[in-house]
Amino acid sequence: MSLEIHFNQVMQVLLGSYAHRDISAQQLIHTLDLTLLDEHATTESLSRLKNKANQNEVAALCIYLNHLDQFSCHNSIPLATVVNFPQGAEDLDSSLGSIKKAMQMGVAEIDYVFPYQQYLQGEKQKALGQCGVISKLCRQNHLTLKIILETGAFPDMKSVYTASHELIELGCDFIKTSTGKLPTGASLSAAFAILSAIKESKADCGIKVSGGIKSAHEAYSYAILSELLLNKHINKSWFRIGASSLLDELLKII
């Protein structure tokens, strides 16, 4: 059994002791990036998503670029879309083109997949350089940039921590755990590594946990861990959860 598996098991128990910590389901909802990344999503399902987002004041709506035309640029909830998704293997020009198109369609936030395969195969500077260009474009256009690290592809906590440090230096607004498209999505060990890098850097960077988070218990665990490590209350300005079905589970608690 790996060190990360032991870590996740112990953290689940320890964080469970904070079950009554002063975090409400409503607070968690306000940090939620309500997500529907289904290429075959219907007009009806997208409309329901928009209504649920507006009614519950989530942090953002995350959908595919080709579905943005169904949402008004005056939508009350910020729009987010994914770029270089899900494998992180697009060329830089394609990613830049997607971001520019998304801006024209009213997007406020970009969830960009880090070229993690390139990075893990030894082309670190090329992968980081591509992220640097993306970060510069987003800053120039006042777009919130969430870089998806795809932590499930990394061999251990230390490698997640190191990559997080390198991405923070590029000026991203959030580091996000996962696309949700690999067998291993979010984990407490990966979140701990990212949060540790944020804490050490003292940078104004947040975390977004995503990839298989479906229960309220899981959401609370990530929120509590984040509060404990960074010593501040969760807020959508620095803490997000990306999920599709979690909203319904949190509404049951309310």
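Colleague: What does the accessible surface of the protein chain come to, and what part belongs to carbon and sulfur atoms?

Modeller: About 11700 Å², and carbon and sulfur atoms hold 50% of that surface. Bear in mind that this is a predicted model.

Colleague: Why does the radius of gyration of the protein chain agree with a compact globule?

Modeller: Set the two values side by side. A compact globule of 254 residues would have a radius of gyration near 18 Å. The protein chain has 17 Å, so the value agrees. The C-alpha atoms fill a box of roughly 45 × 45 × 30 Å along the principal axes.

Colleague: What is the chain built from, and how much of it is buried?

Modeller: The protein chain has 10 helices and eight strands. Buried residues make up 53% of its 254 residues.

Colleague: How many of the contacts with a separation of 6 or more join residues 24 or more positions apart?

Modeller: The share is 76%.

Colleague: Let's take single residues. Why is K146 called buried?

Modeller: Buried means under 20% relative accessible area. K146 has 0%, so K146 counts as buried. This lysine lies in strand β5, residues 144-148.

Colleague: What makes the link between the side chains of K146 and D33 a polar contact?

Modeller: The cut-off for the pair of N or O atoms is 3.5 Å. The side chains of K146 and D33 are joined at 2.8 Å, so the pair is within that limit. K146 also has a polar contact of 3.0 Å with the side chain of D111.

Colleague: Which residues does K146 contact beyond its neighbours within four places in sequence?

Modeller: Among them are A80, E109, F174, K208 and R240. D33 and D111 are also in contact with K146.

Colleague: How far apart are the C-alpha atoms of D111 and I99?

Modeller: They are separated by 9.9 Å, and the two residues are 12 residues apart along the chain.

Colleague: What makes S226 a buried residue?

Modeller: The limit is under 20%. S226 has 1% relative accessibility, so S226 counts as buried. S226 is in helix α9, residues 216-230.

Colleague: Is N231 buried or exposed, and why?

Modeller: Exposed means over 50% relative accessible area. N231 has 71%, so N231 is exposed. N231 is in the loop between α9 and β8 (239-243). Phi of N231 is near 55°, a positive value in a residue other than glycine.

Colleague: What is phi of E150, and where is E150 found?

Modeller: Phi of E150 is near 60°, again positive in a residue other than glycine. E150 is in the loop between β5 and α7 (157-168). The relative accessible area of E150 is 0%, so E150 is buried.

Colleague: How do you know that the peptide bond from F85 to P86 is cis?

Modeller: Look at omega. For this bond omega is near 0°, and the bond is cis. P86 is in the loop between β3 (79-83) and α4 (92-104).

Colleague: One last point, on charge. How far apart are the mean positions of the positive and negative charges?

Modeller: For the 22 positive and 25 negative charges of the protein chain, the mean positions are 3 Å apart.

Conventions: Residues are numbered from 1 along each chain as its sequence is written. This is a predicted model: local features need pLDDT of at least 70, side-chain atom pairs count only at pLDDT 80 or more; totals for chains, interfaces and linings use all residues. Side-chain values use heavy atoms; hydrogens and water are left out. Helices (H or I, at least four residues) and strands (E, at least two) are DSSP runs, numbered from the N terminus. The radius of gyration is taken over C-alpha atoms; the globule rule is 2.2 Å times the number of residues to the power 0.38. Buried means under 20% relative accessible area, exposed over 50%, partly exposed in between (1.4 Å probe, protein chains only). Contact means heavy atoms within 4.5 Å. Accessible areas come from the Shrake-Rupley method with a 1.4 Å probe; for residues, only the protein chains shown count as cover. Lys and Arg count as positive and Asp and Glu as negative; His and the chain ends are not counted. The place of a charge is taken as NZ of Lys, CZ of Arg, CG of Asp or CD of Glu. A polar contact is a pair of N or O atoms within 3.5 Å; within protein, one must be able to donate a hydrogen and the other to accept it, and residues adjacent in sequence count only if both atoms are side-chain atoms.
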